[in-house]
Amino acid sequence: MGRGRVELKRIENKINRQVTFSKRRNGLLKKAYELSVLCDAEVALIIFSSRGKVYEFGSAGITKTLERYQRCCFTPQDNSIERETQSWYQEVTKLKAKYESLQRTQRHLLGEDLGPLSVKELQNLEKQLEGALALARQRKTQIMFEQMEDLRKKECHLGELNKQLKYKLEAEGQSLAIQDLWNSDAADGNSNFAIHPSQSNPLDCDPGPVLQIGYHHFVQAEGSSVPRSMAIETNFMQGWIL
């Protein structure tokens, strides 16, 4: 006769409960060991009895298994750090590949390492160089025109300044000439109308020789034998000469 189905509920009898605990505990520890050996699994088992006694089994050690369990379940930040590290590693790998490609392209543009290139790649490289050369020439021409325009503006500005300075100098020269003319005229007038220091009165000056023009009454001296007409003519001439 087979054994019947056991109802899963708390065993009220203390002795029966202790016996059942011992049997099933041993069977559970045996199953854990078999699982770790047969399936190469890391198994950790911890059992506490109703009296507080502990029973444990760990295929790799209880402490090591618990630390691994904490890293996997209770520290999600570590997982995020690991994922972030992997993302950065992938990004660095992409950047490194792009850097190497740019270096290779630069060497090709400089005419280096052209051996492995095919005809089509060389044609593309030639087109790139021609386009770059055309852009460089266009930019150079634009810069030259801009510099010429700036120089032309500076030339016009300096010409205006030169004209202003010229007008200013001419105006100052004319004013100085007029001032000198006035000063010279004033000096000449003062010299013409100056009074000698030794003369206290202008009316007391010596008149000097006087030219007499016209007839002068002549009085003939007594006993003179000169005719009257000749005396008059002589007197006239003498008066003219005097």
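**Close-up views of a predicted protein chain**

Of the 242 residues in the protein chain, 7% count as buried, where buried means under 20% relative accessible area, exposed means over 50%, and partly exposed lies in between (1.4 Å probe, protein chains only). The model is predicted, so local features need pLDDT of at least 70 and side-chain atom pairs count only at pLDDT 80 or more, whereas totals for chains, interfaces and linings use all residues. Residues are numbered from 1 along each chain as its sequence is written, and side-chain values use heavy atoms, with hydrogens and water left out.

View 1. The secondary structure comprises five helices and two strands; helices (H or I, at least four residues) and strands (E, at least two) are DSSP runs, numbered from the N terminus. Read along the sequence, these elements follow the pattern α-β-β-α-α-α-α. Among contacts with a separation of 6 or more, 19% are accounted for by residues 24 or more positions apart, a contact being heavy atoms within 4.5 Å.

View 2. Helix α1 covers residues 14–38, a run of 25 residues. From first C-alpha to last, α1 reaches 36 Å, close to the 36 Å expected at 1.5 Å a residue; the expected span is 1.5 Å times one less than the number of residues. At the start of α1, a side-chain oxygen of N13 comes to within 3.1 Å of the backbone nitrogen of I15. The buried residues of α1 are R25, A32 and S36, and their cover includes β1 (44–48) and β2 (54–58).

View 3. L35 lies in helix α1 and counts as partly exposed because its relative accessibility is 43%. Leaving aside neighbours within four places in sequence, L35 is in contact with D40, A41 and V43. L35 and S59 are 24 residues apart in sequence, and their C-alpha atoms are 9.6 Å apart in space. D40 lies in the loop between α1 and β1, and its relative accessibility of 71% is why it counts as exposed. Although D40 is not a glycine, it has a positive phi of about 50°. Most residues other than glycine have a negative phi.

**View 4. The largest nonpolar core.** Six residues, A32, V43, L45, I47, Y55 and F57, make up the largest nonpolar core. The elements giving two or more residues to this core are β1 and β2. A nonpolar core is a set of buried Ala, Val, Leu, Ile, Met, Phe, Trp, Tyr and Cys residues joined through side-chain atoms within 4.5 Å. Not counting residues up to four places away in sequence, F57 touches L29, A32, Y33, S36, V43, A44, L45 and I62. In soluble globular proteins, nonpolar side chains tend to be buried together.

View 5. S49 is found in the loop between β1 and β2 and counts as buried because its relative accessibility is 15%. Beyond its neighbours within four places in sequence, S49 is in contact with F21 and Y55. The second largest pocket is lined by K14, R17, Q18, F21, S49, S50, R51, K53 and Y55. With four residues, α1 gives the most to this lining. On a 1 Å grid over the protein atoms alone, a pocket is an open set of points with protein on both sides within 12 Å along at least five of seven lines, and lining residues have an atom within 4 Å of a point. The volume of this pocket is about 210 Å³, a volume being the space filled by probe spheres set on the points.

Key. A polar contact is a pair of N or O atoms within 3.5 Å; within protein, one must be able to donate a hydrogen and the other to accept it, and residues adjacent in sequence count only if both atoms are side-chain atoms. On a 1 Å grid over the protein atoms alone, a cavity is a set of points where a 1.4 Å probe fits but cannot get out, and a pocket is an open set with protein on both sides within 12 Å along at least five of seven lines; lining residues have an atom within 4 Å of a point.
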